[in-house]
Amino acid sequence: MSYVDEVLERVKAKNASEPEFLQAVEEVLDSLRPVIDANEETYRREAILERLTEPDRQFKFRVPWVDDNGQVQVNTGYRIQFNNSIGPYKGGLRLHPSVNTGIIKFLGFEQIFKNSLTGLPIGGGKGGADFDPKGKSDREVMAFCQSFMTELCKYIGADVDVPAGDIGTGAREIGYMFGQYKKIKSVYEGVLTGKGLTYGGSLARTEATGYGLLYITEELMKCHGESMEGKTVVISGAGNVAIYAAQKAQQMGAKVVTCSDSTGWIYDPEGIDVALLKEVKEVKRARLTEYAAARPSAEYHEGRGVWSVKCDIALPCATQNELHLDDAKALVANGCKAVCEGANMPTTIDATKYLQENGVWFIGGKAANAGGVATSALEMTQNSERLSWTFEEVDSKLQQIMVNIYHTIDDAAKRYGQEGNYVMGANIAGFEKVANAMIAQGVC
């Protein structure tokens, strides 16, 4: 049995109740077979894969808080510090009822490779809680965030572990958490990213993941003799990533015709009105039915259906495992040329394989959505230097990072005879840097 298969067998036996984590590990290790096989003796001796698939440490803790009716509520908080071989742990805090150990582990594992690809000195971690900020008052959100940070602050620091936002964790939540950290620790440091601009946040951080997704998509198209101009784009999601991906795509001359939320989706043949979408989602925090009600050209549909729309480019920007095999078949049948992931692992393994086998250019989330964490690292740099860069400076650095990521993963795929396999290229390029650092630092 090969080293990869041995490790996969052990990981599956040990983490049988964590399907998302197992999916992420299987996808990565399968694509690493060429580089592992070429260096099996070294990697086996150093137990690189065993160390890579086992987090450095995991924290799970109770988060009690009081709601507006005076009732005590209890949630579960998580922080998983996966690997800090190339820098302090870095990864977001997800606030969503679906959060559990397996989901946080999958996200933290993916973050190792994503952070490595940015070329910046940041390791992989992730955290969050099964708390849902939707429908909560500002006071309730503050109460939860303060309780959450009261425990989390024991494990993080500007040179140790630097959390950021994620699903459910925006500027409001980061602000409350930062204030509580500062109060408890009596220190003002860049311990969180995604902060407000008045207290250490970075310009372009809000736009970064969506913009970065389009910068790498544009480079992909350019290197295949295409441009974004005139292309029809379908996007899932209606959160931060989806909104700013739509905005940047339309700035590049493409037409974005869909978006979605947890209850339904919009088809707008005239192109998504980004200003209206921001009003509905960022200001009113409402459902997409309000977008349809205010936009005569828009059609609202219940349930799923974004991937049935004819397009040139598909950008899944909602959540994990949202693009299934049947969706991939529909995209291929409709002539889709490229799929680039704005969310973390939104495409199932069988759907990914189908897209690749049928000639669709596919860039996975480790590379395609790395713009968010890259700009978080740029925020860390500004905090360390007590500087604040202009939007244009940050955006320019972000664009260069994403262009570099495309060529890094393209080159890695070519080195192992897998030209055009950007999933393999991303995993190999991210892995090699981390593995070399682990070996250099000894058994730790």
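Student: What should I know before I start?
Tutor: Welcome! The model is predicted, with local features needing pLDDT of at least 70 and side-chain atom pairs counting only at pLDDT 80 or more, while totals for chains, interfaces and linings use all residues. Residues are numbered from 1 along each chain as its sequence is written, and side-chain values use heavy atoms, leaving out hydrogens and water.

Student: How many aromatic pairs are there?
Tutor: Rings of Phe, Tyr and Trp (its six-membered ring) pair if their centres lie within 6.5 Å; planes under 30 degrees apart count as stacked, over 60 as edge-to-face and the rest as tilted. By this rule, the count of aromatic pairs is 15.

Student: Is F178 buried or exposed?
Tutor: Buried means under 20% relative accessible area, exposed over 50%, and partly exposed in between (1.4 Å probe, protein chains only). F178 has a relative accessible area of 3%, so F178 is buried.

Student: Which residues does E50 touch, not counting those up to four places away in sequence?
Tutor: E50 is in helix α5 (residues 48-52). Contact means heavy atoms within 4.5 Å. With that sequence limit, E50 touches Y3, V7 and R10.

Terms used:
Helices (H or I, at least four residues) and strands (E, at least two) are DSSP runs, numbered from the N terminus.
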